[in-house]
Amino acid sequence: MWRKVEAVSGREAVLPCEVGTSDASDMVYVVLWYRNGDKEPIYSFDNRPGRLQASEDRHTIKSDILQGRVNFRPGLLPALHIKPVMTHDQANYTCRVDFRIASSRRTHLSLQVVVPPEEPVLRVGGQRVTDSVLGPLQEGSPLAITCSVAGGVPPPSLVWMRHKKILDDLVESRSAAITVNQLSIGRLTRAFHNARLTCVAANNNVTTPVQASITVTMNLRPIVTRLEAHPKGLRVGRDYEITCTTAGSRPHPNITWTLGNIASVTPLPAHTEHGVNKSTSTVRITAARRHHGQRLTCTSLNPLYPAYPLSDSVLLNVTYPPVATIELGRGVSSVVKEGEDIYFNCNVDSNPPTYKISWYHRGVPIYHGPDNAVLLSGNSLALRAVTRHQAGPYVCSASNVEGDAHSSPLNLSVNYAPVCRDEVGGGGGGGTGVSSSSSSSSSLPPAGGGGPTKVYATGLGQYINVSCEVKASPSEVRYSWVFNNSVTSERLPGDQVFTSPDGRSVVRFLARAHKDYGTLQCWAENAVGRMVTPCLFHVMPAGRPERPVGCAVVNKTYDSLAVGCTPGFDGGLQQTFLAKVFEAVTGRSQVNVSARWPNFTLEGLTPGLDYVIQVMARNSLGDSPSVKLEAFTYKMAENRMRDEQVEEELRSSGAVAGALLASVIVVVALLVVLALIARCIWTRRRLGGLGDPSRRKGRGYAPPDKPGNISDDEDVQFEVPTISLEAHRDPITHIADQAL
């Protein structure tokens, strides 16, 4: 292992040698130094004990070129010292140490003798730079500085630095005598003003690098010109002082003021003061009517940059309502594709300034909503990823204390790929299939895509025409159809597809077997592109409808009942709804009503009776299971007046009648016999009562068309069950009536 040792020419080289022993009883006898693998040592140190030589006689120099310059120091850091070291001393050295007991040890060293480079020399345009300051240079001009260094072994590196940051470390040319690095800056920016550029040369880690520096000064343009605290409005006859500040110019700029418009500009006298890096100018104006709508402008100009004036201005004189105009952003067309961004600007001419700018689409206000991709900023409206629903006229309005103003409408057209229309017509072509209602289609999962699903029901061997209609802009579209199910997915041939006169695409579809049922996908494409999700048509076998759901009696009177339901699945066919009304006690049919929607008003009923209502759906393949409801009609007003004294007894009798009805269902035969007996007894007593006028009065009887009143002293104990049977149609009485 060769260890590299670096030394500077003319200084001292130190070549360390490992002389330590592993055994405390051992000791160094002889130290020998060899150069470049020579067999004869160039230096020896004899440390054997018992020798009578003086310490300096123990050192032997056998190389003539090292005489007087070399010395081995066996102290704490044993090393061979060469001073002064010369370039020809650069070589490989080996230190061999012989011990009394241990084997010899060798240390291999490679001495590198470094010659530092001379001081760098800087040149600009071929001329040597003698001053530490360069310039002033023009902002935006190029700069090339050459740094050259003579000498140096090994050849030095040259690095251009600015404030400890490397700008250029690439050496353009190198020879045995000189090394060159040129710093090239294509365009000087103001950041280089007063910048210190340093060329650093180094070829070793021992000596300090040599360097040369230069400071760049520049002529600079103004970077800011600003009107300070100018009034937002001027009043006629008043004096105003307006200040303009400019900064960043070197040398100081010229500041001028002008007042006017494009057609005529008038210079104004001003007072200007210059500071270290800032200049301030003040102009005095007496407001007049002629200043209305004119622009006050402050302009700063560095004479060395006549093509780069910098201005700030303010529009004077207000007091009129706004005038608003709407325009599209730069480079934006009024016809865009869906998904593109669109920008509107609302240009307002007003004084005083507007306090509100509003936007309207089709007369509806537009509000700021980043989540909805609508951005309002100042007088701009941005619509991100515009959709077809955002097409149409846009208007902006501006308001100030003088009034409001609306711009003329700007119409936006949005081209978009085809999408399915909300309503798609269709019908059977020789079969029984018709398109399903929206309620039934929503109950079926989409198949093969994500578009709105329409359901067609048809029988085997029956043709249906499935039509597809889309919306698109431009409206010229091309259609294609795909059929898929769990078995197959295939594109429909052209002979099954034709175009209707109104522009819809129609497929003539036939299911020959159950495996032919599935989903038809209608795809459309225009100049914008292909639709994202197809229109879906689910073809299924036709069946009977499901029963209506959520049925309830929503209203009742003395002679009518109102029933409302929600349609169930229609079985894939057009369905109608039926309502049948039966008397709860007798079972006689009262009303039959059909309708296209399950909402019924059942009229012509008898007052004060209980009813059973059956509601069902029907299509061409049959009826659904029925839904049964129980309800009753109110009594006539005269009956309620007659019976209000015994209302509680009637309710109790109704409960007893309900219990008897349950008994009839369990033991029908026995109840029939009991009913016959009870009816005979009741009829005999009634006939007897009618034949005796005194008894009629005592029992509180009155003809139906002339209600009577029952006095407090009349016997009504037998009359209570009579009223109960007449009002509530006791089941026993009903059965007895049927038997008789």
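Where is R362 found? In this predicted model, R362 is found in the loop between β31 (356-361) and β32 (364-366).

**View 1. R362 in the loop between β31 and β32.** R362 is not a glycine, yet its phi is positive, at about 55°. Most residues other than glycine have a negative phi. The relative accessibility of R362 is 56%, so R362 counts as exposed, the cut-off being over 50%.

**View 2. N194 in the loop between β17 and β18.** Strand β18 covers residues 195-202, and N194 belongs to the loop that leads from β17 to β18. N194 also has a positive phi without being a glycine; the value is about 60°. With a relative accessibility of 48%, N194 counts as partly exposed.

**View 3. An open sheet of five strands.** The strands follow the order β11-β10-β13-β17-β16, and their pairing is antiparallel. At the edges are β11 (127-128) and β16 (173-174), each of which pairs on one side only. Two bridges link β16 to β17 (residues 178-185) in the antiparallel sense. In one of these strands, β17, T179 is the bridge partner of R174.

**View 4. An open sheet of four strands.** Here the order is β23-β22-β26-β27, again with antiparallel pairing. The edges are taken by β23 (265-268) and β27 (310-315); each has a single partner strand, so one side of each is left without a neighbour in the sheet. From one strand to the next, the twist averages 25°. Strand β22 (residues 254-260) runs antiparallel to β23 and is joined to it by four bridges. T258 has P267 in β23 as its bridge partner.

**View 5. P309 in the loop between β26 and β27.** Leaving aside residues up to four places away in sequence, P309 touches T299, S300 and L301. P309 and P222 are 87 residues apart in sequence, while their C-alpha atoms are 8.2 Å apart in space.

**View 6. The cis peptide bond from K83 to P84.** Omega for this bond is near -5°. P84 sits in the loop between β7 (79-82) and β8 (92-99). Most peptide bonds are trans.

**View 7. The cis peptide bond from R250 to P251.** For the bond from R250 to P251, omega is near 0°. The loop that holds P251 lies between β21 (239-247) and β22.

**View 8. The largest cavity and the residues that line it.** The count of cavities of 30 Å³ or more comes to one. The largest cavity has a volume of about 30 Å³. Its lining is made up of P231, K232, G233, L234, V314, L315, L316 and N317. Sorted by class, the lining has five nonpolar residues, two polar residues and one charged residue.

Definitions and conventions:
Residues numbered from 1 in each chain as written. Predicted model: local features only at pLDDT ≥ 70, side-chain atom pairs only at ≥ 80, totals over all residues. Heavy atoms only, no water. 1 Å grid on protein atoms, 1.4 Å probe; cavity = no way out; pocket = protein on both sides within 12 Å on 5 of 7 lines; lining within 4 Å. Points joined across faces, edges and corners; volume = space filled by probe spheres on them. Nonpolar A, V, L, I, M, F, W, Y, C, P; charged D, E, K, R; others polar. Pairing = 2+ DSSP bridges. Axes fitted to C-alpha atoms, helices over the stretch in contact; angles between N-to-C directions. Contact = heavy atoms within 4.5 Å. Buried < 20%, exposed > 50% of the residue type's maximum accessible area, 1.4 Å probe, protein only.
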